[in-house]
Amino acid sequence: MTDTPTWNQMPRLTGNIKWLYERFLPSPRIESLKKTQKNHVFIASDALPLFDQESGGLRLKTIIDVLCKENFQVIFASLKTRNQTLGMVQTEKKLKWYEQRLRSSGVREIIYGIPAIDTYLQNHGAAIKYAMVAFPLPGTCLIPLLRLNSPDCVVIYDMVDFHALRIRREAFLSGSQSKIREADLMEQTELALFRAADIVLAVSDEECELVRKEVTDAKVFTVPNAFEVPALSRHGFASRKNILFLGGFWHTPNEDAVKWFVNDVWPIVHRENPGFEFHIAGSNMNSRIHQLANHNGVKIIGYVSDLSSFFNSGRVFVAPLRFGAGMKGKVGQSMAFGVPVVSTQIGAEGMHITHGEEMMIADSPIEFAKHISKL
């Protein structure tokens, strides 16, 4: 393949994974994690970890930081080519900034696109002892190449979240038959990846158990999201007036969440607290998000480079997610900054949350608004 594959190619790619699993069983060399003296780690994802724009990128960057601090020699591979990545980040300066952040962490080399990855693995695959591939499409494309070129490599698949579960929840809300078919295909793909990898990483205990239930012989472990806890803010809550939301709007659950909140919850909150504003921050906003500023008290912030100033302006953070999966990075970040959270059950899952202690949880507009006003 010369170009980055698309989801239209998934049936064929998924078949490749199943073919691979039947002929090249996952390596039984889990013990080599302890025995080997070599520490080369090959890490691959769909793109550079855009850690300031999306939760999955922040998770990946954090894992890379930890490995580099433990003196692993990390090679990073992006399924997208450099030009495709440039289209995502918009400027050469920004792309070089992301590359420099990886190199500052200790990443030795960055590889773009399947042809370059294939060449690298043919030339250096034998030296790789551990490989971690994140997300379904990179897993489907790259695990076969790893098996063929790095037969002694321990392959780790980081599912990030259970994608089929998220898509199926979206299909339930929308009633979309195409989404149901997409969820079915994604489930087949993810189950194949669980079987093809030596180790599976789940973001929560709940999803860890779901994997074990579906693939009983899978070696699956929980590796939750992690966040640096910033210095304690000196901004008292009495001086704050904002209700906050932060999310990357490539991710469809975030658009659905803010639209539901603005249309169904915010009118109740704003009627009782007319001096407060709802601030929507995040990257890659479309016109539908910007139109929400037509509602009284709603302000579109856009991309935020300084999360400290953003979170220190807020009295309450909301996570009104109606579908999704895994552990929500926005919730973890808000808790790290010490901002109280009101969330739906979907937004709170995976974190062992107790309603009324770590956060307030509600799924109806009236209850959601009531918790915001109380806080």
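The model is predicted. In the sheet, six strands are arranged in the order 10-9-8-11-12-13, and the sheet is open, with parallel pairing. The second largest pocket holds about 490 Å³ of space, and the largest contribution to its lining comes from helix 3.

**The sheet**

- Strands of a sheet pair through backbone hydrogen bonds, in either a parallel or an antiparallel manner.
- The edges of this sheet are formed by strand 10 (298-302) and strand 13 (360-361), each of which pairs on one side only.
- Five bridges join strand 8 (residues 242-246) to strand 9 (residues 277-281) in the parallel sense, and among the residues involved, L246 has A281 of strand 9 as its bridge partner.
- Helix 11 (residues 252-272) packs on the sheet, where it touches strand 8, strand 9, strand 10 and strand 11 (314-319), and the direction of helix 11 makes about 170° with that of strand 9.

**The second largest pocket**

- The second largest pocket, with about 490 Å³ of space, is lined by 19 residues, of which I63, L67, M132, I156 and L201 are the closest to its centre.
- At least two lining residues are supplied by each of helix 3 (55-69), strand 4 (130-134) and strand 6 (199-202), and helix 3 gives the most, with six residues.
- By residue class, the lining of the second largest pocket consists of 16 nonpolar residues, two polar residues and one charged residue.

Key
Residues numbered from 1 in each chain as written. Predicted model: local features only at pLDDT ≥ 70, side-chain atom pairs only at ≥ 80, totals over all residues. Heavy atoms only, no water. Pairing = 2+ DSSP bridges. Helix = DSSP H or I, 4+ residues; strand = E, 2+ residues; numbered from the N terminus. Contact = heavy atoms within 4.5 Å. Axes fitted to C-alpha atoms, helices over the stretch in contact; angles between N-to-C directions. 1 Å grid on protein atoms, 1.4 Å probe; cavity = no way out; pocket = protein on both sides within 12 Å on 5 of 7 lines; lining within 4 Å. Points joined across faces, edges and corners; volume = space filled by probe spheres on them. Nonpolar A, V, L, I, M, F, W, Y, C, P; charged D, E, K, R; others polar.
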